[in-house]
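Visitor: I'm new to this structure and would like a close look at a single part, the sheet. Could you walk me through it slowly?

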Amino acid sequence: MLVENSANVRTAFSIPDHPRLRRLVGQNRGTVTMDVTSATGTITSVTNKESYYIKYGNQVTIYFTFTVANNGTGATYITVTGMPYPCSSTIGASGTAHNSTLGLCEVWVAPTFSTFNIRLYTGAYPAVNGDVIYGSFTYFVNSTDALLV
């Protein structure tokens with residue numbers, strides 16, 4: 001979390017992490033194992049995959065980054081599997097991502113799915129060889145999925 005001090009300098013601080021505190025505020029967090037593919041064609045190599053989530057009640061936020069080392073024949077949009085909880089059955093989700101060379105991307109999740117998709121805001125395919133893609137999005141889970149793990 002970033003906080004601006006009296007000198008207008010942003011500094012990072014961390015919230016104490018303790019299992020009892022997480023239960024008290026209804027928080028759950030962890031890492032996500034991602035599988036990155038393309039909607040059509042095949043991405044040859046994806047490296048540096050990192051992601052984690054923070055869950056408060058039935059709200060989940062995922063932060064992610066990966067490098068498309070070799071795009072191969074990947075096309076249309078990128079699909080990422082491995083969300084820790086499926087999206088709510090009534091609403092989907094959207095968010096933003098950034099590509100290191102191509103710019104702003106959109107992220108979307110369909111209701112009930114455990115995958116998210118990425119494309120450029122222009123609707124074009126979001127990657128070429130060596131591109132780093134990173135971003136975050138928040139979604140909601142059904143109340144039965146919102147129980148602390």
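Guide: Let's begin with a term: two strands pair if DSSP finds at least two bridges between them. The strands themselves (E, at least two residues) are DSSP runs, numbered from the N terminus. What you see is a predicted model, where local features need pLDDT of at least 70, side-chain atom pairs count only at pLDDT 80 or more, and totals for chains, interfaces and linings use all residues. Residues are numbered from 1 along each chain as its sequence is written, and side-chain values use heavy atoms, with hydrogens and water left out.

Now the sheet. Nine strands make up an open sheet, and going across you meet them in the order E3-E5-E6-E11-E8-E9-E10-E7-E4, with antiparallel pairing. At the edges sit E3 (27-31) and E4 (35-40), each of which pairs on one side only. From one strand to the next, the twist averages 20°, taken between axes that are lines fitted to C-alpha atoms, with angles running from 0 to 180 degrees between N-to-C directions. As for what holds such an arrangement, strands of a sheet pair through backbone hydrogen bonds, either parallel or antiparallel.

E4 pairs with E7 (residues 75-81) in the antiparallel sense, over five bridges, and here Thr 37 stands opposite Thr 79 of E7.

Next, look at E9 (residues 103-109). Five of its seven residues are buried, so E9 is largely enclosed by the rest of the structure; buried means under 20% relative accessible area, while exposed is over 50% and partly exposed lies in between (1.4 Å probe, protein chains only). On one side, E9 pairs with E8 (residues 93-99) over seven antiparallel bridges. These two strands form a hairpin with three residues between them, and Asn 99 has Gly 103 in E9 as its bridge partner.

E9 is also joined to E10 (residues 115-120), by four bridges and again antiparallel. Glu 106 stands opposite Arg 119 in E10. The hairpin of E9 and E10 has five residues between the strands, and there Thr 112 takes a positive phi near 70°.

Finish with Asn 117, which lies in E10. Asn 117 counts as buried because its relative accessibility is 11%. Its side chain makes a polar contact with the side chain of Thr 79, at 3.0 Å; such a contact is a pair of N or O atoms within 3.5 Å, and within protein one must be able to donate a hydrogen and the other to accept it, with residues adjacent in sequence counting only if both atoms are side-chain atoms. Leaving aside residues up to four places away in sequence, Asn 117 touches Tyr 77, Ile 78, Thr 79, Glu 106, Val 107 and Trp 108, where contact means heavy atoms within 4.5 Å.
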